[in-house]
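Hi,

Here is the structure I promised to pass on to you.

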Amino acid sequence: MVSAVFHSPRERSAPGDAPHATPKSIATSAGSTLSKTEKPLTSTTAAHARPGARRRLEALLAWALPPALGLALLIGLWSVVASSTGQSIPGPQATWAQAVEVFSDPFYRNGPNDQGVGWNVLASLQRVALGFGLAALVGIPLGFVIGRFSFLSRMVNPLISLLRPVSPLAWLPIGLLVFKGANPAAIWTIFICSIWPMVINTAVGVQRVPQDYMNVARVLNLSEWKIATTILFPAVLPYLLTGVRLAVGTAWLVIVAAEMLTGGVGIGFWVWDEWNNLNVKNIIIAIFVIGIVGLLLEWALVKLASAFTFEEVKS
């Protein structure tokens, strides 16, 4: 005979049985569980943030430390040379004090031959802009024509090979003879030294245009103007800008020497005038000014060239 034993609800909750969790205990345990879970998440986030900050600091040091060390090395060598020459070559501290005085009023005028360094730099930049602009107006179209037509390329290449190695200052007496003035002679010298990089780089860029582009132009029966503006110019632009960058750098180098010989207002004349006055501090300041202006010109043109350079040309 099978017997069944039934327990009442009161009997099931006997003292020996495990007590049921109350809502308060459930909330407490849930809160403790959440707090235990949140702590590892917070520590993990911080652990991820620290390597990111460390990487940014390392990148900043890698960018800033080498130039700072190079500048410190230059100043150290400069100080050693100044000490070994008995301060006949001014040291960094004396030159810095003079530079503060010079740049406190860079645009003063006390006559045609006594002007601030700012006016001299602007006069040199004006000559460079005029000579370089004329060279661009002549050199870029000439480079397109030489690169486009092989007959003209074979005809002009010997002349370029003959005239390009000539020192730019060798053209200065020709400019003085023809133009009868120092300022146009200096502009002529800038023109003749700036034209060759633009002619050569533009011609090389035209010659490296893929032949498939020219075949399509021939099939479409495009005119020479259409070929130059829609096919050649976009493809040649990176080479053209490289020639422009090289030409500006060469022009800025040459103008200093040309102004030393021709006189007048300009950074080259300022260097020569300070040498006549035996003011070596201003000569060193002028060297730094020439370098900084050339660096800024180079940086601006590199940014311009990289903005218009295709990836295959960069590689």
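Helix 8 (residues 211–220) and helix 9 (residues 224–262) pack at an angle of about 150°; angles over 145 degrees count as roughly antiparallel, and therefore helix 8 and helix 9 are roughly antiparallel to each other. Please keep in mind that this is a predicted model. The axes of helix 8 and helix 9 are 11 Å apart, and the crossing is right-handed. On the helix 8 side, Tyr213, Met214 and Ala217 make the contact, while helix 9 brings in Ile227, Ile231 and Leu232.

Now try another pair. Helix 10 (residues 267–276) and helix 11 (residues 280–307) have axes that come within 9 Å and cross at roughly 165°. Helix 10 and helix 11 are therefore roughly antiparallel to each other, and their crossing is left-handed. Ile267, Trp270, Val271, Glu274 and Trp275 of helix 10 make this contact with Asn282, Ile283, Ala286, Val289 and Ile290 of helix 11.

Last, please look at helix 5 (residues 150–163). Where does helix 5 bend? The bend is at valine 156, by about 35°, and proline 158 follows within four residues. Val156 is also one of the buried residues of helix 5, along with Ser153 and Ile160. Among the elements that cover these buried residues are helix 4 (117–148) and helix 7 (182–207).

Note on methods: Residues are numbered from 1 along each chain as its sequence is written. This is a predicted model: local features need pLDDT of at least 70, side-chain atom pairs count only at pLDDT 80 or more; totals for chains, interfaces and linings use all residues. Side-chain values use heavy atoms; hydrogens and water are left out. The bend at a residue is the angle between axes fitted to the seven residues ending there and the seven starting there. Helices (H or I, at least four residues) and strands (E, at least two) are DSSP runs, numbered from the N terminus. Buried means under 20% relative accessible area, exposed over 50%, partly exposed in between (1.4 Å probe, protein chains only). Contact means heavy atoms within 4.5 Å. Axes are lines fitted to C-alpha atoms, for helices over the stretch in contact, and angles run from 0 to 180 degrees between N-to-C directions. Angles under 35 degrees count as roughly parallel, over 145 as roughly antiparallel, 65 to 115 as roughly perpendicular and the rest as oblique. A crossing is left-handed if the near helix is turned anticlockwise from the far one by less than a right angle, and right-handed if clockwise.
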